[in-house]
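Here's a quick briefing on the fold, the core and a helix pair. Have a look at the model first, then read on.

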Amino acid sequence: CCLVRSQCLARLKKVPEMMDTILDPKIWLILTALVHAIVGIIIPTDWSKDNNKMMAGFTLLTTITMLYAGFCLDGEEQARLALVIAGPVWVWFVVCCSMGLEFDIGKEPMVMTWKENAPPLILWGLVALTGLLESGWI
């Protein structure tokens with residue numbers, strides 16, 4: 001009984017450390033930047049069209065900004081930039097899904113639906129949320 005109790009207490013002591021890690025904007029900035037670049041832009045883009053190359057290249061600039069914030073900033077500065085980058089992107093995903101807009105830089109056009117866009121909504125939302133929570137603004 002004492003052994004089980006001490007193991008439970010040891011695990012409970014690790015919870016604040018795990019929460020600090022989960023709520024660290026750095027992790028979400030870097031993870032979302034990589035997923036955004038690879039899964040959101042590089043893989044699905046039809047690179048045979050000049051317009052798609054231009055749009056994809058411009059959209060990839062967000063990845064550079066996010067990686068800069070993740071690796072070169074810390075504390076409240078990093079959190080605030082995470083919020084300023086990801087908050088508007090999350091809102092834009094909500095607007096696009098609400099309107100059912102069509103995204104056509106890929107090989108096949110994609111209608112923006114809630115189901116299809118749940119993963120990016122979650123990722124961008126976590127960047128914005130962790131940024132807000134660590135920003136010192138609330």
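At 1% relative accessibility, Thr 130 counts as buried (buried is under 20% relative accessible area, exposed over 50%, partly exposed in between, with a 1.4 Å probe and protein chains only). Keep in mind that this is a predicted model, where local features need pLDDT of at least 70 and side-chain atom pairs count only at pLDDT 80 or more, while totals for chains, interfaces and linings use all residues. Residues are numbered from 1 along each chain as its sequence is written, and side-chain values use heavy atoms, with hydrogens and water left out.

- Thr 130 sits in helix α5, residues 118–134 (helices are DSSP runs of H or I with at least four residues, strands are runs of E with at least two, and both are numbered from the N terminus).
- Its side chain gets to the backbone oxygen of Leu 126 at 2.8 Å.
- Setting aside residues up to four places away in sequence, Thr 130 touches Ile 22, Leu 23, Asp 24, Pro 25 and Trp 28 (contact means heavy atoms within 4.5 Å).

**Overall layout**

- The chain has 5 helices and 2 strands, running α-α-α-α-β-β-α from the N terminus on.
- Of its 138 residues, 30% count as buried.
- Take the contacts between residues at least 6 apart in sequence: 67% of them join residues at least 24 apart.

**The core**

- The largest nonpolar core has 19 residues (such a core is a set of buried Ala, Val, Leu, Ile, Met, Phe, Trp, Tyr and Cys residues joined through side-chain atoms within 4.5 Å).
- Elements giving two or more residues to this core are α2 (25–42), α3, α4 (75–99) and α5, and α4 gives the most, with 7 residues.
- Leu 29 is among the residues with the most contacts inside the core; leaving aside neighbours within four places in sequence, Leu 29 is in contact with Met 66, Ala 69, Gly 70, Gln 78, Ala 82 and Val 127.

**α4 against α5**

- The axes of α4 and α5 come within 7 Å and cross at roughly 145° (axes are lines fitted to C-alpha atoms, for helices over the stretch in contact, with angles from 0 to 180 degrees between N-to-C directions).
- Residues of α4 including Ala 86, Trp 90 and Phe 93 meet a set in α5 that includes Leu 121, Trp 124 and Val 127.

**Met 55**

- Met 55 lies in helix α3, residues 50–72, and is partly exposed, at 41% relative accessible area.
- Met 55 and Ile 105 are 50 residues apart in sequence and 7.9 Å apart in space, C-alpha to C-alpha.

Technical notes
A polar contact is a pair of N or O atoms within 3.5 Å; within protein, one must be able to donate a hydrogen and the other to accept it, and residues adjacent in sequence count only if both atoms are side-chain atoms.
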